Amino acid sequence: MLQVTLQYGIIGPGAVGTTIAYELLRSLDRDQVHLFGKKAWKVPYRQRDIGEQSELQTQTLAHFDDTLDVLFIAVKTHQLDHVIEQMAHVIDDDTLIILAQNGHGQLEKIDHPHVYQAVVYISVQKTEDGVIHFRDRILQVQEDEFTSELAQHLADTRLELQLKNDIEVEIWYKLLVNQGINSVTAVGRQTAAILRVPEIRNLCRNLLEEGQRIAEAAGITLPETIVEDTMKIYAGYPDEMGTSMYYDITSGAPLEVDAIQGFIYRKGQELGLYTPYLETVYSILAAAENGKLNYK
Ligand code: NAP
């Protein structure tokens with residue numbers, strides 16, 4: 001990866017992927033950045049915080065015959081298997097593959113020497129009219145010689161590649177933050193307003209405490225105050241704010257339950273821990289995702 005001009009690919013022209021592509025295109029040559037979708041089309045894109053807007057051209061992986069130096073994968077976790085089947089011809093052993101996804105456990109699916117799980121702090125939504133970015137452009141990755149070099153290449157972009165000396169801690173931190181609010185909004189099929197109900201706040205706190213216990217048993221040292229801190233973050237959410245799992249469950253779309261609640265739950269089981277709140281929530285969401293629950 002020592003050449004000066006790198007070829008960047010982004011698979012997944014949705015909320016996160018379009019934002020990464022937009023920021024790269026803004027600062028790099030257009031012929032260095034390739035946004036891959038299921039079909040070739042133009043994605044309308046708007047950054048609400050600074051009023052920028054654009055349209056991003058996508059192409060299909062099948063029609064691309066170059067080798068990428070850096071590949072960001074920004075599809076939902078349940079879409080990853082299909083992407084892995086499709087991407088072999090655009091990478092080689094030197095390609096840096098960065099999974100820009102929530103959840104944990106997906107890295108093991110990719111047999112490659114340079115594959116990284118990024119923790120994504122980008123607030124952005126895909127709507128019927130295109131993608132709307134709200135705030136933040138941060139990807140956290142494990143620091144090593146390859147990611148340090150990539151960070152230098154990206155230094156002139158607004159994409160903030162934060163290098164972490166223990167990415168596992170960051171992944172677990174985000175996992176827990178996602179687990180609490182996503183679980184209660186999805187099970188309750190309500191926006192963040194659901195946290196006004198004392199019993200639901202209690203459930204949310206119990207989920208976080210179980211997650212913290214599992215992380216500790218797995219050897220991950222999270223801040224001692226993570227439960228309190230996270231509950232405070234949730235308390236600042238506007239009532240009308242939805243979560244990705246809330247939007248997905250209410251629209252009948254697949255959830256990322258296997259990579260979030262499922263990963264934490266299985267880790268707890270592996271470690272012999274009793275986690276009744278997580279088990280209940282995971283069972284309900286997994287059943288909902290598999291179409292086994294009838295809410296009518
Ligand atoms: P998204 O908006 O649904 O974007 C995923 C995109 O990938 C969609 O356009 C999807 O097309 C496309 N896609 C799926 N399979 C593909 C394939 N085989 N080839 C090419 N394109 C394909 O999802 P997202 O919100 O960006 O989320 C991506 C990941 O980032 C998730 O793990 C999410 O939890 C995480 N994340 C999201 C945010 C956020 O604010 N949105 C923040 C932090 C982390 P279809 O729609 O046609 O399937």
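Mentor: Before we start, note that this is a predicted model, in which local features need pLDDT of at least 70 and side-chain atom pairs count only at pLDDT 80 or more, while totals for chains, interfaces and linings use all residues. Residues are numbered from 1 along each chain as its sequence is written, and side-chain values use heavy atoms, with hydrogens and water left out.

Trainee: How far is an N or O atom in the side chain of Q79 from an oxygen atom of the ligand?

Mentor: A polar contact is a pair of N or O atoms within 3.5 Å; within protein, one must be able to donate a hydrogen and the other to accept it, and residues adjacent in sequence count only if both atoms are side-chain atoms. For K38, a polar side-chain atom lies 2.7 Å from a ligand oxygen, and for E256 a side-chain N or O atom is 2.5 Å from an oxygen of the ligand. For Q79 the value is 2.9 Å.

Trainee: Which element gives the largest share of the shell around the ligand?

Mentor: The ligand is surrounded by 26 residues, where near means that a heavy atom of the residue lies within 4 Å. Helices (H or I, at least four residues) and strands (E, at least two) are DSSP runs, numbered from the N terminus. Elements giving two or more residues to this shell are α1 (15-27), α2 (80-86) and β7 (115-127), and the largest share, five residues, comes from β7.

Trainee: Which element gives the most to the lining of the largest cavity?

Mentor: On a 1 Å grid over the protein atoms alone, a cavity is a set of points where a 1.4 Å probe fits but cannot get out, and lining residues have an atom within 4 Å of a point. The lining includes Q101, N102 and K174, and the elements that give two or more residues to it are β7 and α4 (167-188). With four residues, the element that gives the most is α4.

Trainee: What radius of gyration does the chain have?

Mentor: The radius of gyration is taken over C-alpha atoms, and the globule rule is 2.2 Å times the number of residues to the power 0.38. Because the chain has 296 residues, a compact globule would have a value near 19 Å, and the chain agrees with this, at 19 Å.

Methods: 1 Å grid on protein atoms, 1.4 Å probe; cavity = no way out; pocket = protein on both sides within 12 Å on 5 of 7 lines; lining within 4 Å.
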